[in-house]
Each structure stands twice: as C-alpha cells, then as structure tokens.
Amino acid sequence: MEKKKCSQCKNLILKTSPTCLYCGRPNKFITKEYVNNKWDKDNNKNVIDHIFINKYLVFILFLIFTVVIIIYS
C-alpha cells in the first residue's frame, strides 16, 4: 500500500485513508459526490430501478407473446 506524509503532523498515512490516524486531518476533501460514491446511495437506487423496469418489460412482452401464440394456435 502506498503511503504519504500528513501535511499537518508529518506522520506516514495510507493514501486511501480518509483522515490522518494521528491528528485527524482529512486526507481527502469530503464532498457530497465523495460520500455518494463511497456508500453508493444514489447510484444503487438508479441501478435497482433500472433492473426492475427491465424485468417488468420482459415479463409483459413474454405475457403478450404467449397470449398471441395461444390465440393463433
């Protein structure tokens, strides 16, 4: 793992850590986008909605297809 020096206390910390373990200074500026990417709150909802919409469309198309086959048989 890559490490870097904290700009405030000069101790080595991991580049991926959000804060310094020794002094608590933020390693990255925490923004709304950073939090959403970290916890996948907004992104996960869009993906789930998209999957459910596709499942319903496939089910409805399959149902219509079977009804048409039954009618013309």
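Is K4 buried, exposed or partly exposed? At 32% relative accessibility, K4 counts as partly exposed, where buried means under 20% relative accessible area, exposed means over 50%, and partly exposed lies in between, with a 1.4 Å probe and protein chains only. The structure is a predicted model, in which local features need pLDDT of at least 70 and side-chain atom pairs count only at pLDDT 80 or more, while totals for chains, interfaces and linings use all residues. Residues are numbered from 1 along each chain as its sequence is written, and side-chain values use heavy atoms, with hydrogens and water left out.

The protein contains 2 helices and 2 strands, arranged along the sequence in the pattern β-β-α-α; helices (H or I, at least four residues) and strands (E, at least two) are DSSP runs numbered from the N terminus. Of the 73 residues in the protein, 8% are buried.

K4 belongs to strand 1, which covers residues 3-5. Together with R25, K28 and K38, K4 forms a positive surface patch. Such patches are made of residues with over 30% relative accessible area and no salt bridge, like charges being joined within 9 Å and nonpolar side chains (Val, Leu, Ile, Met, Phe, Trp, Tyr) within 5 Å. A salt bridge here is a side-chain nitrogen of Lys or Arg within 4 Å of a carboxyl oxygen of Asp or Glu, and the place of a charge is taken as NZ of Lys or CZ of Arg.

R25, another member of this patch, sits in the loop between strand 2 and helix 1 and counts as partly exposed because its relative accessibility is 33%. The C-alpha atoms of R25 and C9 are separated by 8.8 Å, although the two residues are 16 residues apart along the chain.

The loop between strand 2 (12-14) and helix 1 (32-39) also holds S17, which counts as buried because its relative accessibility is 15%. The side chain of S17 reaches the backbone oxygen of L14 at 2.9 Å and the backbone oxygen of T19 at 3.4 Å; a polar contact is a pair of N or O atoms within 3.5 Å, one able to donate a hydrogen and the other to accept it within protein, and residues adjacent in sequence count only if both atoms are side-chain atoms.

In the loop between strand 1 and strand 2 lies K10, which counts as exposed because its relative accessibility is 52%. The phi of K10 is near 65 degrees, a positive value in a residue other than glycine. Most residues other than glycine have a negative phi.

Key:
Accessible areas come from the Shrake-Rupley method with a 1.4 Å probe; for residues, only the protein chains shown count as cover. Lys and Arg count as positive and Asp and Glu as negative; His and the chain ends are not counted.
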